[in-house]
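Here's a walk through a fold, from one hairpin out to the whole chain. Have the viewer open and follow along.

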Amino acid sequence: MPGERLTVRSMADVGRFPGAAPPTRVELTIHKEEEKKPEEGGCRRWFRKMCPCCCKKQASASYDITDKVEYVKPPAPAPSPQPEKPDIEKEEMREMEELKLSVCSVDLLSSQTGQNRKEHHTDLFHGDELIIRRGQTFQIQVELNRPFSADTDKLHLELRTGGLPQVSKGTHVIVPLVDHLEDERWEAKVVQQTDNNIKLSVNSLASAVVGLYGLSVVTSSLKGDNHTTYTSPKHIVMLFNPWCEEDTVFLDDEDERKEYVLNDTGRIYYGTEKQIGARTWNFGQFHEGMLEACLFILEKSDMPPSGRRDSVNVVRVISAMINAQDDRGVLMGNWSGDYSDGVSPAAWSSSVEILRKYHSSCGTPVCYGQCWVFSGVTTTVLRCLGIPARSVTNFQSAHDTDVSLTTDVYFDEDLEPLDYLNKDSVWNFHVWNDCWMARPDLPPGNGGWQAVDSTPQETSQGTFRCGPASVCAIRTGQVYLKHDTPFVFAEVNSDKIYWQRNLDGTFSQIFSEKKAVGHFISTKAVGSDERADITHLYKHQEGSEEERIAVETASRYGSKPDMYSTASAEDVSVEVKMDGEGPRMGADAKLSIILKNSSPEPRQTTLHSQVAVMYYTGVLKGTIKKEQMSVELQPNEEKIVEWVLPYQQYQNELVDQAALMLTLSGRVNETQQVLANQTSFRLRTPDLKICPQGDAVVGKEMAAKITFTNPLPRTLKDVVFRVEGLGLQKGHVVVVGDVGGLATVTLTEHFIPSQPGPRKLVASLDCKQLTQVHGVADITVLDQ
């Protein structure tokens, strides 16, 4: 009935306990329409069927219930006034939120003129991104919601690079907060705290992955709960670091770093050996957009992000990516003379426009390039990424097509050229690159300058690329060492061999030119626009015995190993030995060269020796002594030749670790056997003598005497001792000052052991003229 009122009473008690409020009465009002509603039309029924959510079916009259529900409660007795109880749970939650540490913002301190950019030598790059070099500390500022307390809070950083960051691959880095920073670790330390702000000094690995990183700051309590994560909206760019000794691209000469990393212009040489021309090239590695373009090239390659920690791998990939031959790299090569649909290679004078065009087109190859253009762009990319690099021009440059390590010219029986066989060629000039790095993947002594060529000539492991090939290995003919050493060796030091076809179809050698290729190898001089001739780095003096040995050594690993006369016998051996623990610092270095003739015939040889200073990474700094000696061996005789390096010749030449490399080469006159040997050694430094004094008991003072005798006949400047013993005393520095030549200094340390058991007191000495001096004393501490 219209207006009918239905009252429903609930008889159930409300609440679980007696004495609760009386039952609630619910009144439900049902309204019925006075008039009959019109029937639903066919169009509306179709629309409702196609879209039921937009057009709901109306309920029939018997189920037309209003949304209005009225709750009517009888008046309840007034409760007695009670004090209001606080909501303890909400209060605790509010206090916890106030105590929970979280990050409000992160300042990467990335200003172009700021401390980070200047200290990392990246202030020449445009923009205000944080651009840093690996193996070196940098600072960031973190704003928190409250003051940080090491007693109650935990904080660490996380850096990620690549599409799928993984801790195991070095692409997801977790940086802990520590009290003291140590080298060769990812670590962070609070160096300044003001109210809610902390400044962190962050240390990175010298082998860190190069590229673009995202940064997050993670906070929690000491118990590990209440985690919060803040992700910085800005990224960090990590580059190679030629200023860091632990980085494989470390270059210790500041003038060379300025030239080969920071100089954004240079000279590239061309023409002929008798008419050498030079053109200025704008490398522009710091120009706006160049860093983004170089990172884009890395991303576009198939190299996994974890591979970007290895300088050898990065250079090899760059060599492939600068040409577009098989991977749609930066430049399309063209030697046809028709450049109508692009830019003539001779018209370019800068890498900037080329790289910008490639980047802005999302990787469309730029037309066109030839060897000097490929080289100029390669120099730009490598310097931008932090790898020391230079453009190098080789005049009369051979192109060996069959890995024979010779340049072959074929004639028929009538001395007419056989064009179908004459695939080898000699270019008037060819331009490639040198880059500087250690080569831990090769035997010691092969670090330093490495040849890399981006011009597409021959494939290497299926891809048009070349290098990096050790220039030291090229010089000595060690073409079995990777990468692509045979090809570069042939460019600079192959013989030109003339062949004539015989009536039976075979070929005979009719003439050879031993000085036909590899002339006036040139690069821009350090600090000036003059041309520097570096031919001596790639090959021994033309025509010398050492150069001939290198050529014949290399040829044995080519496709024509019998090109040169092989030894009729190999019965002479050479080795190097040292007495005891080897030469000591401050004295003449003496080694024994042992030559043994195992044949019943006499043998005679001329032995060439040279010794070079070597970094511990295997990079040779420079030769400090060369000599040659004639040795006659009687049948079955063993002869010992004493080799001496006077102290005066090495005293001012050594680097860290005091390592040297002795290289021997020679040829046996009677058999044409080649002799070769390389031996690395170091000059031993004296140990510190540490003598404990008194009883070692917890809580009782004792002493130790540390004695050092200068092994050099000259004064050591600014000598510093560092002393530490876990459970004995905290690490500290003792400044000694100057120590005279051959003088002895004694330092007495007083300390109170704090922990019982076997302990070690460790000390080291450091100064510019002498490193790797240290000592240790074993001390057993008794409990009280």
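Nine bridges join strand β40 to β41 (residues 773–781), and the two run antiparallel. Strands here are DSSP E runs of at least two residues, helices are H or I runs of at least four, and both are numbered from the N terminus; two strands pair if DSSP finds at least two bridges between them. This is a predicted model, where local features need pLDDT of at least 70, side-chain atom pairs count only at pLDDT 80 or more, and totals for chains, interfaces and linings use all residues. Residues are numbered from 1 along each chain as its sequence is written, and side-chain values use heavy atoms, with hydrogens and water left out.

Back to the hairpin: six residues sit between β40 and β41, and Gln772 in the turn has a positive phi of about 60°. Pro758 has Thr780 in β41 as its bridge partner.

| Strand pair | Bridges |
|---|---|
| β40 and β41 | nine |
| β37 (716–725) and β40 (757–766) | five |
| β20 (448–453) and β23 | three |

That last pair belongs to an open sheet of six strands, ordered β23-β20-β19-β17-β26-β27, with antiparallel pairing. β23 (466–470) and β27 (531–533) stand at the edges with a single partner strand each, so one side of each has no neighbour in the sheet. Going from one strand to the next, the twist averages 30°.

Helix α10 (residues 485–493) lies across β17, β19, β20, β23 and β26 (519–524), at about 70° to β17. For these angles, axes are lines fitted to C-alpha atoms (for helices, over the stretch in contact), and values run from 0 to 180 degrees between N-to-C directions. Contact means heavy atoms within 4.5 Å.

What about helix α4 (residues 254–262)? Its buried residues are Arg257, Glu259, Tyr260, Val261 and Leu262, where buried means under 20% relative accessible area with a 1.4 Å probe, counting protein chains only. Their cover includes β5 (130–133), α8, β17, β20 and β26. At the start of α4, a side-chain oxygen of Asp253 comes within 2.9 Å of the backbone nitrogen of Asp255. Helix α6 (residues 311–321) is mostly covered, with ten of its eleven residues buried. At its start, a side-chain oxygen of Asp310 reaches to within 3.0 Å of the backbone nitrogen of Val312.

Now for the cores, meaning sets of buried Ala, Val, Leu, Ile, Met, Phe, Trp, Tyr and Cys residues joined through side-chain atoms within 4.5 Å. The largest nonpolar core has 88 residues, and Tyr538, Phe708 and Phe721 have the most contacts inside it. Leaving out residues up to four places away in sequence, Phe708 touches several residues, including Pro686, Leu716, Phe721, Leu765 and Val773. A second, separate core of 55 residues includes Tyr269, Leu298, Leu382 and Phe429.

Zooming out, the protein has 13 helices and 41 strands, and 47% of its 784 residues count as buried. Among contacts between residues at least 6 apart in sequence, 66% join residues at least 24 apart.

Conventions. Buried means under 20% relative accessible area, exposed over 50%, partly exposed in between (1.4 Å probe, protein chains only). A polar contact is a pair of N or O atoms within 3.5 Å; within protein, one must be able to donate a hydrogen and the other to accept it, and residues adjacent in sequence count only if both atoms are side-chain atoms.
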